[in-house]
Amino acid sequence: MDKTINQKAWFLVLPVFLVVAFSAILPLMTVVNYSMQDTFGNNQFFWNGVGWFKELLDPSTDLGGRFLASLGRNLLFSAIILAIEVPLGIVVALSMPRQGWTVAACLVILALPLLIPWNVVGTIWQIFGRPDIGLLGYTLNSLGIDYNYVSNEFDAWATVIVMDVWHWTSLVALLCYAGLKSIPDAYYQAAQIDGASRWAVFKAIQLPKMNRVLLIAVLLRFMDSFMIYTEPFVVTGGGPGNSTTFVSIELVKIALGQFDLGKAAALSLVYNLIILIVCWIFYTVMTNAGTERPEKQGVK
Amino acid sequence: MARIDLVDLAHSYGGNGSALESFALKPVTMTWRQGGAYALLGPSGCGKTTLLNLISGIVTPSRGKILFDGADITPLSTQKRNIAQVFQFPVIYDTMTVRENLAFPLKNRGVPKAEVDARVKEIAGLLDLTPWLGRKATRLTADAKQKISLGRGLVRSDVAAVLFDEPLTVIDPELKWQLRSKLKALHRELDLTMIYVTHDQTEALTFADTVVVMHDGRVVQSGTPAELFDKPEHTFVGYFIGSPGMNIVPAAVSGREARIDGHVIGLHRNYGVLPAGANIEIGVRPEFVNVAAPASGLLSAVIERIDDLGRVRFARVRIGDAKFAARVPPGFSVPDNSVGLVFDPAHVHVYADSRLVEGVA
């Protein structure tokens with residue numbers, strides 16, 4: 001079949017092209033451009049090649065040291081919150097009612113933390129945890145526990161992690177609940193007839209059927225926690241010392257605090273690349289391990 | 001393996017306090033013998049799935065008892081009833097292989113591994129699943145999955161009865177026949193009580209040796225396919241079974257005569273005393289009424305159309321306002337729209353308020 005040739009069609013693509021160019025391509029290329037240069041202000045730029053990238057990966061330099069340390073902290077943070085939020089979310093979803101008015105009540109209560117703006121979440125916990133006027137901080141100290149997130153690294157981490165769990169476990173729970181609701185009753189009836197224990201039902205039916213939503217939950221929570229900025233910035237400001245300075249906080253310090261555009265650009269590109277790679281790995285591993293697409297293969 | 005007795009069994013989803021008319025299953029008492037193949041047949045919403053779920057224990061009855069071999073199992077959970085059930089849609093444990101799926105019920109009951117392996121091998125052989133034992137069950141076709149669901153029921157050596165809830169719904173038509181014959185073969189081989197729920201009369205009549213016809217929460221007749229065909233005890237059975245269904249027309253019956261439209265039809269039996277005030281109808285299957293050229297002794301009818309089913313032709317006719325179906329004898333060519341009907345008196349039944357009235361020979 002002959003295709004009609006009509007070059008005017010290109011004009012239809014033009015608006016999209018312009019929008020994408022201004023919103024994505026030009027800024028991205030500007031960042032790529034910056035990452036190869038150094039600046040001393042006054043819009044004076046000097047060519048630096050891949051120098052910043054070399055420094056980034058070399059822990060002995062200042063830039064590399066700061067980047068790798070914050071990256072390590074960030075990965076640890078993501079690992080901890082995933083390890084808490086995913087199982088907790090599943091447990092919450094499993095214990096939710098399946099019918100009646102309580103379902104709606106549970107859903108609304110679960111959704112509440114998700115509706116609070118991130119800086120407000122930070123402010124809530126910043127005040128909540130203060131030893132002098134915060135309910136949590138005051139209570140803990142009254143109980144004889146020396147808790148102070150401003151001066152103690154462990155307390156700062158605990159606060160940031162508990163805050164994230166409080167803020168985001170609902171998301172995992174809601175996704176899991178949706179997954180559970182989609183399982184037909186016949187599965188539970190069959191399992192009952194097969195004499196399956198509660199644990200066997202979970203392992204053989206519920207977990208495999210939640211596979212897809214869990215993948216989405218893990219991806220969303222990983223990406224969100226890996227780019228976390230607002231909440232720890234508001235609560236701890238990255239301290240005490242650098243103990244809760246995550247990659248994004250470091251990035252903002254370099255880019256806007258020190259105005260080292262070249263270093264910051266190189267860092268943000270590497271940051272972006274890491275997110276892409278980790279997401280790709282997660283996606284590949286989880287889709288292969290879980291559901292296998294049915295093949296057309298007849299059994300006669 | 002067990003004989004199943006239903007004693008005054010009834011269920012209402014609204015609870016025991018509801019009016020009896022609203023019960024999903026109205027009180028039923030019947031006995032299903034060990035090793036029988038039963039079909040529960042009826043239209044959607046007639047209570048057949050409710051009855052099945054009562055037997056499997058998924059639903060607890062509002063009233064009455066269920067006995068397996070004389071022992072009351074009504075309060076027992078599904079797990080303790082030794083029932084196998086195959087659902088409308090295949091239930092497969094996604095992460096397991098076919099072998100693990102089949103072994104699952106035994107593993108849950110703590111059966112020793114050697115015994116599990118032997119049993120799984122045997123059942124897989126029966127169901128022709130052996131080549132697929134090592135495969136992930138999710139990768140198989142719908143009919144293979146239904147076989148696995150069935151297999152999970154059959155591996156248990158103590159299974160009292162196998163229940164089927166419209167198991168062929170998702171199976172391709174050409175495979176339906178195969179799977180149904182497989183079920184029949186298994187039934188003969190394993191001597192199991194099988195109860196099969198369906199709304200498809202062909203499935204019911206080919207599978208079962210006893211068909212239980214249900215209508216509006218009641219069992220209206222239970223009998224062999226031949227009994228249901230020859231002597232429907234309820235007008236519903238008459239027109240639900242058979243294609244086309246039985247002709248039911250209002251008539252005045254006295255003694256050995258029925259009058260339709262002022263025309264007399266001879267009857268084979270004597271209906272001396274009919275319930276007073278009841279709605280009297282006669283029922284006759286289209287197979288036992290022939291169309292013929294109009295003649296003075298015959299009930300006259302007007303042909304609306306002729307259905308050619310290949311082996312046989314049925315004429316759809318009208319007697320006054322009543323619709324009627326009748327066989328067109330081979331070689332008979334319809335002269336014009338007006339025909340006469342020839343009845344076979346032996347197969348004309350009389351119904352009072354939809355229930356069969358036995359005449360005196």
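Okay, let's start with a pair of helices: H7(A) passes H9(A) in a right-handed crossing. Before I go on, keep in mind that this is a predicted model.

If you want to click through the contact, on the H7(A) side it includes A:Trp168, A:Leu171, A:Val172 and A:Leu175, and on the H9(A) side look at, among others, A:Met210, A:Val213, A:Leu214 and A:Ala217. By class, that contact has 13 nonpolar, three polar and five charged residues.

H9(A), which is residues 198–226, has another partner in helix H3, residues 62–95 of chain A; their axes come within 9 Å and cross at roughly 145 degrees. H3(A) also passes H9(A) in a right-handed crossing. From H3(A), the residues involved include A:Phe77, A:Ile81 and A:Leu82, and they face a set in H9(A) that includes A:Leu214, A:Ala217, A:Val218 and A:Phe222. The class count for H3(A) with H9(A) is nine nonpolar, four polar and two charged.

While we're on H3: A:Ile84 sits in that helix.

Now, chain B. It has eight helices and 21 strands, and its C-alpha trace spans about 80 × 50 × 35 Å along the principal axes. Of its 361 residues, 43% count as buried. If you take contacts in chain B with a separation of 6 or more, 67% come from residues 24 or more positions apart.

Chain B is divided into domain 1, residues 4–240, and domain 2, residues 247–357. Their centres, over C-alpha atoms, are 39 Å apart. Each domain puts eight residues into the contact between them, and the domain 1 side of it has three nonpolar, three polar and two charged.

Where do the two chains touch? Chain B gives 27 residues and chain A gives 22. On the chain B side, the elements giving two or more residues are strand E6 (83–86), helix H2 (98–108) and helix H4 (142–154). That side divides into 13 nonpolar, eight polar and six charged residues.

Most residues other than glycine have a negative phi, and most peptide bonds are trans. B:Ser243 and B:Pro244 are joined by a cis peptide bond, with omega about -5 degrees. B:Pro244 is in the loop between helix H8 (235–240) and strand E11 (247–250). Then B:Asp8, in strand E1, has a positive phi, near 50 degrees; B:Asp8 is exposed, with 11 other C-beta atoms within 10 Å. B:Glu166 also has a positive phi, near 45 degrees, and is found in the loop between strand E7 (161–165) and helix H5 (173–190). With 19 other C-beta atoms within 10 Å, B:Glu166 is partly exposed.

Key. Residues numbered from 1 in each chain as written. Chains lettered and ligands numbered in written order. Predicted model: local features only at pLDDT ≥ 70, side-chain atom pairs only at ≥ 80, totals over all residues. Contact = placed C-beta atoms within 7 Å. Helix = DSSP H or I, 4+ residues; strand = E, 2+ residues; numbered from the N terminus. Nonpolar A, V, L, I, M, F, W, Y, C, P; charged D, E, K, R; others polar. Domains from an automatic or database assignment. Axes fitted to C-alpha atoms, helices over the stretch in contact; angles between N-to-C directions. Left-handed = near helix turned anticlockwise from the far one by under 90°. Buried ≥ 20, exposed ≤ 12 C-beta atoms within 10 Å, placed from the backbone.
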